[in-house]
Amino acid sequence: MPPDYKNSVGMPKPKEIDFQEQFSDNGQYAKWINNTVLLPIITIISLFVLGLLFMVILRFNRRANPVPSKTTHNTFIEVVWTLVPVLILLGIAYPSLDLLAKQFKPAPANAVTIKATGYQWYWGFTYPDHGGFEVVSNMLKEEGDVAKGERFRTENDGPKLMASDNRMVVPAGVPLRIQTTAADVIHAFAVPSLWFKLDAVPGRLNEKSLTITKPGVYFGQCSELCGARHAFMPIVVEALPPEKFAAWVKAQGGTMPGATKPAPAAAPAGENVPASAAPAAAATPIDTVAAPVAAPTK
Ligand SMILES: [Cu+2]
């Protein structure tokens, strides 16, 4: 069953004013830029301007300075107040453009592809490299809000309004190729602790690479106003160690790339069975692509 989410981690925490802790290389880099480059520069500039304001108020008011100077130009100061901002902006531009380039870097050829499809109002996660099965993910409701016998949210699933019944399970430490699209209106796939946000647009396939550095559970939400239940389509990414991910794929009826399909029981051992001879795999999860079973309930 789902692990205790509190040990794992990608979620907002009480009294936090910073970005969430980051679990991807780009996220850690971006957080570093913010906390180590931007915040100090902003603080120094603000304090400097505040100091200048106080100096003007105290030293150049009518009482302290009854006869104002008529000086209009000072070449040295003019060169300094042009050059210093230029240097500051260049200093900010370098890591900023570097981050942008890293974010646009395409996923490597061996990346694991997962396609996230936004529906009004739930998510579908398809695994084209693993047989193409789709996991349909609906928000878990509170105990008092479900019919008798229906599954409701428990503490292990995640916080209220953030937990889903079927998570997007991915391998940790492995490059992922996340593709997004939508079936009806524009949605957006966003997980703050993974530094990941990508619009899901009907008729388009957007793509971005992501490597999650640590196994754990990462919470996000649809981030494009998509209708009445926009606030109730959370995203829960569960990153597992690769062996556990392979076991999960198997449990979903999927196949690992490169793994040979299980031969039908009747086939003599050692005989090379053509793929078309494999049993039609009644009720493979791919059936759910045409008819998502877990349609959202009111
Ligand atoms: Cu949405």
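First, the ground rules. The model is predicted: local features need pLDDT of at least 70, side-chain atom pairs count only at pLDDT 80 or more, and totals for chains, interfaces and linings use all residues. Residues are numbered from 1 along each chain as its sequence is written.

Now the sheet. It is open, with 5 strands in the order β4-β10-β9-β6-β7, and the pairing is mixed. Strands here are DSSP runs of E, at least two residues, and helices are runs of H or I, at least four, numbered from the N terminus. Pairing requires at least two DSSP bridges between two strands.

β6, residues 187-191, runs antiparallel to β7 over 5 bridges. Ala190 sits opposite Lys197 in β7. On to β9: β6 pairs with β9 antiparallel, over 2 bridges. Phe189 has Cys222 of β9 as its bridge partner. β9 and β10 are also antiparallel, joined by 6 bridges.

How many residues of β9 are buried? 6 of the 7 in 216-222, so the strand is largely enclosed by the rest of the structure. Buried means 20 or more other C-beta atoms within 10 Å of the residue's own, with C-beta atoms placed from the backbone.

Last, confidence. pLDDT is the predictor's confidence per residue, 0 to 100. The protein chain averages 86, and 84% of residues score at least 70. β6 is highest at 97; helix α4, residues 287-290, is lowest, with a mean of 38. Where pLDDT is low, predicted coordinates should not be read in detail.

How values were computed
Buried ≥ 20, exposed ≤ 12 C-beta atoms within 10 Å, placed from the backbone.
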